[in-house]
Amino acid sequence: MALSLGWKAPRSHCGLLLQAVRSSGLLLFPSGLCPWRGARSFLDPDKKAFLEENTEVTSSGSLTPEIQLRLLTPRCKFWWERADLWPHSDPYWAIYWPGGQALSRYLLDNPDVVRGKSVLDLGSGCGATAIAAKMSGASRILANDIDPLAGMAITLNCELNQLNPFPILIQNILNLEQDKWDLIVLGDMFYDENLADSLHQWLKNCFWTYGTQILIGDPGRPQFSEHSIQHHLHKVVEYSLPEPTRQENNGLTTSTVWDFQP
C-alpha cells in the first residue's frame, strides 16, 4: 500500500501508546545532561541519515508556518512507495496531524498559556506542539512518544528551529507513576477506542491529583467526537485547516482545541 493511501489516513490502527507495552522505553537527552552542542552525538548515524534522506524540511501547508519540520511529503520516496518497504514502525511522527497543528497554533498565539510553566506533550510525534510551547516560553518541557525514530525527529526538528533540546521520553507514560505538570497537551490521540478509554482515565487522574490544565487537539474523528470524554470538554478555539492538510486527512476541514475539565 502506498503512503498516499495508507499512512496518510487518520490514525486507526497499531498505535503509538498501545505498542508501548512491549517496549522498555528510554529517556533521551535528560534535562541538564545533554548540552545542545553535543546532542547530535546521541543520534544513531545510520538512522539519522535514513531520516534525513527520506523526509523533507518544510514549513508550508500547515497552521504554523513559523515552525520548520522534517516530514514525509509528496516529494519523498516513501510517500508513493509500498508501506511494507518502510523498514521501521509506522511513521506517524512524519505527518503533521491536524490536532497537533491546532494545539501548536493556539500556543503560539497565546503564549501566556505556557509561559513559565511545565508542559508535557503526550504522543508528541514530530514534536511541533512541544516546539511551540518552547517558543512561547515554557519553563520545562517533556515530549513523549513511544517510537525512538520520533525522538530522533523531534531532536532534529528542535535544531531546525534553533532551539535547545528538551527531554524526550520514549516510553508508554500511561504505565508510569504520574508526575506533576502545569499543562498537558495531546493532539490526535483519540484514534482507538481502548486507547481513548485509557487516556480519559489517566487525564482525569492528572486533573484530580494535581489540578493540571489539559488541552486536547482533534479534528473531529469519530473515536473522539463519540467518546464519553465529550461531557468534560469546553471548546477553546476552532481553526480552518489549510488545503494541503485537508487533502492529507480525507477532507477534514477544521481542527479544534478543547479544554478538559472533568
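This is a predicted model: local features need pLDDT of at least 70, side-chain atom pairs count only at pLDDT 80 or more; totals for chains, interfaces and linings use all residues.

Reader: OK, secondary structure. How many helices and strands?

Author: There are 9 helices and 10 strands. As for how the chain folds back on itself, take the contacts with a separation of 6 or more: 72% of them are between residues 24 or more positions apart.

Reader: Let's go inside. Which residues of the largest nonpolar core touch the most other members?

Author: Leu 69, Leu 107, Val 114, Val 119, Phe 166 and Leu 215, out of 34 residues in that core. Several elements each give at least two residues to this core, among them β3 (69-71), α4 (98-109), α5, β5 (140-144) and β7 (183-187). There's also a second, separate core of 25 residues, which includes Leu 186, Met 189, Phe 190 and Ile 229.

Reader: Back to Leu 215. What does Leu 215 touch, leaving out residues up to four places away in sequence?

Author: Quite a list: Leu 103, Tyr 106, Leu 107 and Val 113 are on it, including also Leu 183, Ile 184, Val 185 and Leu 186. Val 236, Val 257, Trp 258 and Asp 259 are touched by Leu 215 too.

Reader: Leu 103 shows up there. Where does Leu 103 lie, and is Leu 103 buried or exposed?

Author: Leu 103 is in helix α4. Leu 103 counts as buried because its relative accessibility is 1%, and the cut-off for buried is under 20%. Beyond its neighbours within four places in sequence, Leu 103 contacts Thr 129, Val 185, Leu 186, Gly 187, Leu 215, Ile 216, Gly 217 and Val 257.

Reader: How far apart are Leu 103 and Val 185, in sequence and in space?

Author: They're 82 residues apart in sequence, and 7.5 Å apart from C-alpha to C-alpha.

Reader: Switching to α5. How many of the residues of α5 are buried?

Author: 6 of its 8, so the helix is mostly covered. The buried ones are Ala 128, Thr 129, Ala 130, Ile 131, Ala 132 and Ala 133.

Reader: What do those buried residues of α5 pack against?

Author: They pack against β3, α4, β4, β5, α6 and β7. Following α5 comes Gly 137, with a positive phi near 100°.

Reader: Now the holes. How many cavities of 30 Å³ or more does the count come to?

Author: The count is 2. The largest cavity holds about 140 Å³ of space. It's lined by 16 residues, and the closest to its centre are Gly 100, Gly 123, Ser 124, Gly 187 and Asp 188.

Reader: Which other non-glycine has a positive phi?

Author: Asn 250, with a phi of about 55°. Asn 250 is in the loop between α9 (243-248) and β10 (254-260). Asn 250 counts as exposed because its relative accessible area is 61%.

Reader: One more asparagine: is Asn 54 buried or exposed?

Author: Buried, because its relative accessibility is 4%. Asn 54 is in the loop between α2 (45-53) and β2 (56-58). Apart from neighbours within four places in sequence, Asn 54 contacts Leu 72, Cys 76, Lys 77, Phe 78 and Trp 86.

Reader: Last one, Ser 60. Where does Ser 60 lie, and how far is its C-alpha from that of Pro 244?

Author: Ser 60 is in the loop between β2 and β3, and is exposed, with a relative accessible area of 56%. The C-alpha atoms of Ser 60 and Pro 244 are separated by 8.8 Å, with the two residues 184 apart along the chain.

Definitions and conventions
Residues are numbered from 1 along each chain as its sequence is written. Side-chain values use heavy atoms; hydrogens and water are left out. On a 1 Å grid over the protein atoms alone, a cavity is a set of points where a 1.4 Å probe fits but cannot get out, and a pocket is an open set with protein on both sides within 12 Å along at least five of seven lines; lining residues have an atom within 4 Å of a point. Grid points are joined across faces, edges and corners, and a volume is the space filled by probe spheres set on the points. Helices (H or I, at least four residues) and strands (E, at least two) are DSSP runs, numbered from the N terminus. Buried means under 20% relative accessible area, exposed over 50%, partly exposed in between (1.4 Å probe, protein chains only). Contact means heavy atoms within 4.5 Å. A nonpolar core is a set of buried Ala, Val, Leu, Ile, Met, Phe, Trp, Tyr and Cys residues joined through side-chain atoms within 4.5 Å.
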